[in-house]
Amino acid sequence: MPLVYTSRAQACSGICSIVEVMSFYYLVAPTTVVRATEPAFTYSSDTELALGTLVRVSVGKKVLNGVVIRAVAQKPSFATKPIEAVLAPDPLPVPLLKLADWLSAYYATHLATVLQTILPSGMHKTRRDAKHASSHPIRNRAHIVLNGEQQAALDAIKTGPAGTVLLHGVTGSGKTAVYIEAAKYQAESGKSTIVLVPEIALTPQLVAEFANHFNNLVVTHSGLTEAQRHQAWQKALAQPPTEPLVVIGPRSALFMPVANLGLIVVDEAHEPSYKQEQAPRYSALRAATVLAGYHKMARVVLGSATPSVTDYYLAQKTGSHVLRLAQPAVKSAPVVADVIDLKRKDLFRKHRFFSDALLAGVQESLDAGHQTLLFHNRRGTAPTTMCEHCGWLAECPTCFLPLTLHADSHILRCHLCNYQLPVPPSCPSCGEPTILFKGIGTKLIEAEITKLFPKARIARFDADTHQSQAVHNRYQELYDGHIDILIGTQMLAKGLDLPNLRLVGVVQADSGLILPDFQSEERVFQLLYQVMGRVGRGTLPGRVVIQTFQPDHPIVKAAVARDYSAFYQAEIKKRENGHFPPFRFLLKLSCSYKTEAGAVNASMKMAKLLRSEHPQVEVLGPTPSFYERMGGAYRWQLVVKSTRRSDLIAIAASVPAGWQADLDPSSLL
């Protein structure tokens, strides 16, 4: 051990004393994968460190961020490098460390990959104090009066056992008020609350509501800069356990380092965006339940008007509370729903894809000074570009998918790999000027509505919208009614509360029903139910116009009737008969090869191996992935079903390089 002189000894005795400095040894997990089989390495420190301390360590010629995950009791028999620096005076909360271990094991993912997910980027950087004015609106609703259903739900959350409850409330039933009062109850006990939202677009709305009641809010989302997110994270880490916070943000807000957590709210809990699609492919709902367990008495509230079939079934089976809000929070005017058959051309005399009823409704809404929302879950101008003369189809050369026309920039674009091509003036195959653009996208809807209603203030919101014009940056305009007609994809269907909105038009309601996924009908039901719920939340009557090729489809009829029970009873029988969740666990295995033969051979070999070594599981496939070509490679997949998730974890942990394993996939596409 090194020897040093201590100035304290010199000061006390006037002589130089030689003392031996004690070294401490720790396992440090770097946030970069160093070795596939080793998550942590031993380092030394001259000072004692707490578990969860964030440090900088040398690995080879690199210096990496890391986390102290364990103390080593005895001096190792091998030489160790010293910890180079401590990044923050406060360690990560122990429950967050335990959650990292759980995520690594449950989703068969290297710990370094998990740490990259739960820790902020640029953690070692020194940040300037960035003071910026918040643009979030604040509602003038400081005093909340709960009705009988809301109060009963709140009492169950407050006095019930720690764990997870499902708050099943119809749209407009006042779930947010219950969240706020539950968070107040936790704050009175000195405990913090995390509120998760499925989209950045919903963040300002919830912040506006919570800001009336809480001064100590922390907001985080990907719309902030790296420095802003890091500073929000640092604020949570440094917050004394006795001073409660309210953290609001999308999925990643779950990992804010809150020391004394009492409540986690997952708003719009049915949304697939709560499942991360890159490793670790975790479900925020499952992770929230586990994190709450590590915080001992913490509670989780899953709020939704359309709970996922799996969550609803499990809540009933396990005896968890299902709290119901069956009535609107305030008495509201009725909503009239018109279902328009797209096959009936006599209903489309004024426009080829806007029915007469929809156009009349838009005009009435404009005349009354109210807002209209036009929903269509496909962006761009036209999804198909082809030659009428020879049948040539504009396709992506690497993905073999139809290129989508974006008329505003006059390009054809692949929405998978972003390949772009100028719109050809004539057919590249036969030379004839007979190019046709088929189908409908949000940009085409915007262009046509602008022609039909030139004086209206129109805004489009989809994945092509510039960040500065996104919903979360223009929410105040939307809330105040400064935009007359909103056009957009599913991001507009999720929980927005717009008091001036009186008409919702669904341009084509059934496009998702044809997708080859066991959850496709559930997704369509949820979207229709949710987008219809944007109206009928005030004292003025609302109207919904739903255009569909299948007006008699059970899913469309159940959504129009707002009948979750009918949908659930029919869907749960299909799941049981088809051996799908919640009756089986799923694992999706995908491989990608430069040649089709390579993908086919690899997937056939994998299927044979699984069936021979794991006879207790059910293997579907192999089949081409829904998007078979991506980035110039061929993609094939297998779906593995089992009644025991441990079987699937073992398979996921043992797949060879080149294979992607997705446990509990949100989609089989």
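Tutor: Two strands count as paired if DSSP finds at least two bridges between them. The model discussed here is a predicted one.

Student: Which residue in β25 does Phe375 stand opposite?
Tutor: β17 and β25 run parallel and are joined by five bridges. That is over the threshold of at least two bridges for a pair. Within β25, the residue opposite Phe375 is Val506.

Student: In β24, which residue is the bridge partner of Phe375?
Tutor: β17 also pairs with β24 in the parallel sense, over four bridges. On the β24 side, Phe375 has as its bridge partner Gly488.

Student: What is the order of the strands in the open sheet of six?
Tutor: Strands of a sheet pair through backbone hydrogen bonds, in parallel or antiparallel fashion. In this open sheet the pairing is parallel. The six strands follow the order β16-β26-β25-β17-β24-β23.

Student: Why is one side of β16 and of β23 left without a neighbour in the sheet, and where do they stand?
Tutor: β16 (335-341) and β23 (458-461) each have a single partner strand, so one side of each has no neighbour in the sheet. As for their place, β16 and β23 stand at the edges.

Student: Which residue of β26 is the bridge partner of Leu503?
Tutor: β25 covers residues 501-506 and β26 covers residues 542-548. The two strands run parallel, with four bridges between them. In β26, Leu503 has as its bridge partner Arg543.

Student: What angle does the direction of helix α12 make with that of β23?
Tutor: Helix α12, residues 471-480, packs on the sheet and touches β17 (371-375), β23 and β24 (485-488). Its direction and that of β23 make an angle of about 150°.

Student: Which strands stand at the edges of the open sheet of seven strands?
Tutor: The seven strands pair in parallel, in the order β11-β12-β10-β13-β14-β9-β15. An edge strand here has a single partner, so one of its sides is without a neighbour in the sheet; this applies to β11 (217-219) and β15 (322-325). Neighbouring strands of this sheet are turned against each other by 20° on average, direction ignored. The edge strands are β11 and β15.

Student: In β15, which residue is the bridge partner of Gly169?
Tutor: β9 (residues 163-169) pairs with β15 in the parallel sense over four bridges. Helix α4 (residues 148-159) lies across β9, β14 (299-304) and β15, at about 160° to β15. The bridge partner of Gly169 in β15 is Leu325.

Student: How much space lies in the largest cavity?
Tutor: Rolling a probe the size of a water molecule over the atoms shows where space is left empty. The structure has three cavities of 30 Å³ or more. The lining of the largest one divides into six nonpolar, three polar and one charged residues, with Glu243, Gln239 and Val258 among them. The space in this cavity is about 50 Å³.

Student: How many charged residues are in the lining of the second largest cavity?
Tutor: This cavity holds about 40 Å³. Its lining includes Met256, Val258, Leu291 and His295. By class, eight residues are nonpolar and one is polar, and the number charged is none.

Student: Which element gives the most to the lining of the second largest pocket?
Tutor: The second largest pocket has about 1,200 Å³ of space. Of its 45 lining residues, the closest to its centre are Gly172, Gly174, Ala329, Asp497 and Arg537. The elements giving two or more residues are α5 (175-188), α6 (203-210) and α13 (520-532). With four residues, the one that gives the most is α5.

Student: Is Gln660 buried, exposed or partly exposed?
Tutor: Gln660 is in strand β30 (residues 659-663). Beyond its neighbours within four places in sequence, Gln660 contacts Arg281, Lys588, Leu589 and Ser590. Its relative accessibility is 45%, and buried requires under 20% while exposed requires over 50%. Gln660 therefore counts as partly exposed.

Definitions and conventions. Residues numbered from 1 in each chain as written. Predicted model: local features only at pLDDT ≥ 70, side-chain atom pairs only at ≥ 80, totals over all residues. Heavy atoms only, no water. Contact = heavy atoms within 4.5 Å. Axes fitted to C-alpha atoms, helices over the stretch in contact; angles between N-to-C directions. 1 Å grid on protein atoms, 1.4 Å probe; cavity = no way out; pocket = protein on both sides within 12 Å on 5 of 7 lines; lining within 4 Å. Points joined across faces, edges and corners; volume = space filled by probe spheres on them. Nonpolar A, V, L, I, M, F, W, Y, C, P; charged D, E, K, R; others polar. Buried < 20%, exposed > 50% of the residue type's maximum accessible area, 1.4 Å probe, protein only.
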